[in-house]
Amino acid sequence: MALIQLQSSILKYNKQLQIPSFSTASQRSTILRINAVSVNGQQLIQSGKVRPILPKEAGTAIETEGYILLDIRPEWERAKASVSGSVHVPLFLKDMDNSPITLLKKWVHFGYIGAWTGQNFTMINDDFVKQVEQQIPDKDNAKVLVACGEGLRSLMAISKLHKGEYRNLAWLVGGFTRASDSDFPAVEGPEKLQYATIGGVSYYLLQLLVLLKVVGKES
């Protein structure tokens, strides 16, 4: 099951990282760099160097095996729902640059992605590994379960952490969207954990579908 989920994440990730025809040389370079790091993460899992853990097994891994849950989602996703006691270090940060070129990129991003998903225009957190080291300094013995929304960004994260000499890494298969609140000891926040990644127009569509489902059951 874990390998099937990995293949599904790989296919979805590769589709999302196709290089748009309108992208600049800098954007193409960034996408190719992200692709390379993510492929390495996939290889670490397939080689057995990183352990895949299904969401339904995550609670046991945390409570009985001593895994530390590392949530690498951006702050606006974590604010909706998070696992109590998890360590938070975002892999991506909101891009606060307001130069004319960046504003144009943000406008294109909103038109193609942001309006539908509610995702902000982001940049890679260059201090990601250093910030993880501050919160989880024991690289040799600490067991770290890396998680994101869909299991895609966490592929990048495990690659960076393995390169940073963390040796007991695990990957949450499919991310939080494949999980339910009952998979973890306790969950905080106003939303369900599996819906925290959803935003924008798609979020309101989801709320409408949930409402229609409830009304259908009551009628």
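A salt bridge is a side-chain nitrogen of Lys or Arg lying within 4 Å of a carboxyl oxygen of Asp or Glu, and a search of the whole structure by this rule finds 5 of them. The structure is a predicted model, in which local features need pLDDT of at least 70 and side-chain atom pairs count only at pLDDT 80 or more, while totals for chains, interfaces and linings use all residues. Residues are numbered from 1 along each chain as its sequence is written, and side-chain values use heavy atoms, with hydrogens and water left out.

**View 1. Asp 71 and its salt-bridge partners, Arg 73 and Arg 78.** The side chain of Asp 71 meets that of Arg 73 at 2.7 Å, N to O, and that of Arg 78 at 3.0 Å, N to O. Both Asp 71 and Arg 73 are buried (under 20% relative accessible area, where over 50% is exposed and in between is partly exposed, with a 1.4 Å probe and protein chains only), and Arg 78 is buried as well. Salt bridges with shared partners join Asp 71, Arg 73 and Arg 78 into one network.

**View 2. The salt bridge of Glu 133 with Lys 139.** The closest N and O atoms of Glu 133 and Lys 139 are 2.6 Å apart. Glu 133 has 27% relative accessibility and therefore counts as partly exposed.

**View 3. Helix 7, residues 153–163.** Helices (H or I, at least four residues) are DSSP runs, numbered from the N terminus. Because 9 of its 11 residues are buried, helix 7 is largely enclosed by the rest of the structure; among these buried residues are Arg 153, Met 156 and His 162. Just after helix 7, Glu 165 takes a positive phi of about 80 degrees.

Key:
Helices (H or I, at least four residues) and strands (E, at least two) are DSSP runs, numbered from the N terminus.
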